[in-house]
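My notes are below, in the order I made them.

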Amino acid sequence: MKEECHHQQRRLLMNKLFNTPAAYVILFLLSYTLGYLSAPSTPSPPSRTITVFHQSPNSPQELSNFRVTSRCADPLPSRLVRETVLGRIFNGTSPYDDFPPPYVGDLLRNNRIKGWGSYGAVFEHLIQEVKPRIIIEVGTFLGASALHMAELTRKVGLETQILCVDDFRGWPGFRDRLFKDIKMVNGDVLLLYQFLQNVIHKNATDTVLPVPFSTGSALEKLCEWGVFGDLIEVDAGHDFNSAWADINRAHRILRPGGVMFGHDYFTAADNRGVRRAVNLFARINGFGIETDGQHWVIRSS
């Protein structure tokens, strides 16, 4: 009887306790805390470690339609690349001669160097490993990565030519927020002029040359002229279709033993468009993919 009274008292106490608003608040907070602590976390990619994903081609007949099969000219000797580019694109003159033209001189900043992922450790890692004579950068913007690579090659005593493939038009709306200071003249944004000014500011005119055309047309012409790179960075469009086209065209002008790499492997744009393009390319061609920080790396051998 005594024990039954104790049980009734406990039930009454519990009913009073859980019928109060404060009890519901406490239970909600406890549930939220337990759910948060038990949820799986998504760690950010490590900055220095390298992971290798071994991928082999599957269904080769199905995937063969995605291959780029046109052949390039025989590779030019590295010593002839600068002369060839100047002759083919700039009529044998330098784009830095008599720069800036009078009508844009007052519209440029002394230097306006901005990029994304332009100073990652991968640049130094690959330059020390590959010791490139020719670097081709696909997607340049204001030249931050190219100028960083120019400094790194000088430090290790290399005489390297860096070709910067970009139409220097930016993208619709890029001046709305971060780049309001980039001027426009008659509908022409002055990205190319500011890029040239940045190169002059960094005293890199003997090393860095623009190839001011769309990535597709420029890479096709470099292939036709036999201009190959020992190290190629692909960092232009971040959607799948753009990245896929650039990676395939760039790989055709990668010298045997060279390395191709790019940024944004972990970026979510276009449902991870860059990663999907890189993974498909590696799958078709039987390459491994390494990651170094936010960058992907593919070796030609």
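**Ground rules.** I'm working from a predicted model, where local features need pLDDT of at least 70 and side-chain atom pairs count only at pLDDT 80 or more, while totals for chains, interfaces and linings use all residues. Numbering runs from 1 along each chain as its sequence is written, and side-chain values use heavy atoms, with hydrogens and water left out.

Buried here means under 20% relative accessible area, with exposed over 50% and partly exposed in between, using a 1.4 Å probe and protein chains only. My helices are DSSP runs of H or I, at least four residues, and strands are runs of E, at least two, numbered from the N terminus.

I then checked V208's contacts (heavy atoms within 4.5 Å). Leaving aside residues up to four places away in sequence, V208 touches Y96, A146, L147, A150, I162, C164, F195 and V199.

**Helix α9.** I have α9 at residues 240-252, 13 residues in length. From first C-alpha to last I get 19 Å, close to the 18 Å expected at 1.5 Å a residue, taking 1.5 Å times one less than the number of residues. Which residues of α9 are buried? I list F240, A243, W244, D246, I247, N248, A250 and R252. They pack against β2 (134-138), α8 (215-225), β7 (229-234), β8 (254-262), α10 and β10 (295-299).

At the start of α9, I found a side-chain oxygen of D239 within 3.4 Å of the backbone nitrogen of N241.

**α9 against α10.** Their axes, lines fitted to C-alpha atoms over the stretch in contact, come within 8 Å and cross at roughly 35°; angles run from 0 to 180 degrees between N-to-C directions. On the α9 side, the residues meeting α10 include W244, I247 and H251; on the α10 side they include V274, A277 and F281.

**Helix α8.** Its buried residues are T215, G216, A218, L219, L222, C223 and W225. Their cover includes α4 (81-90), β2, β3 (161-165), β6 (208-211) and α9. Just after α8, I noted G226 with a positive phi of about 80°.

Technical notes. Polar contact = N/O pair within 3.5 Å; in protein donor to acceptor, adjacent residues only side chain to side chain.
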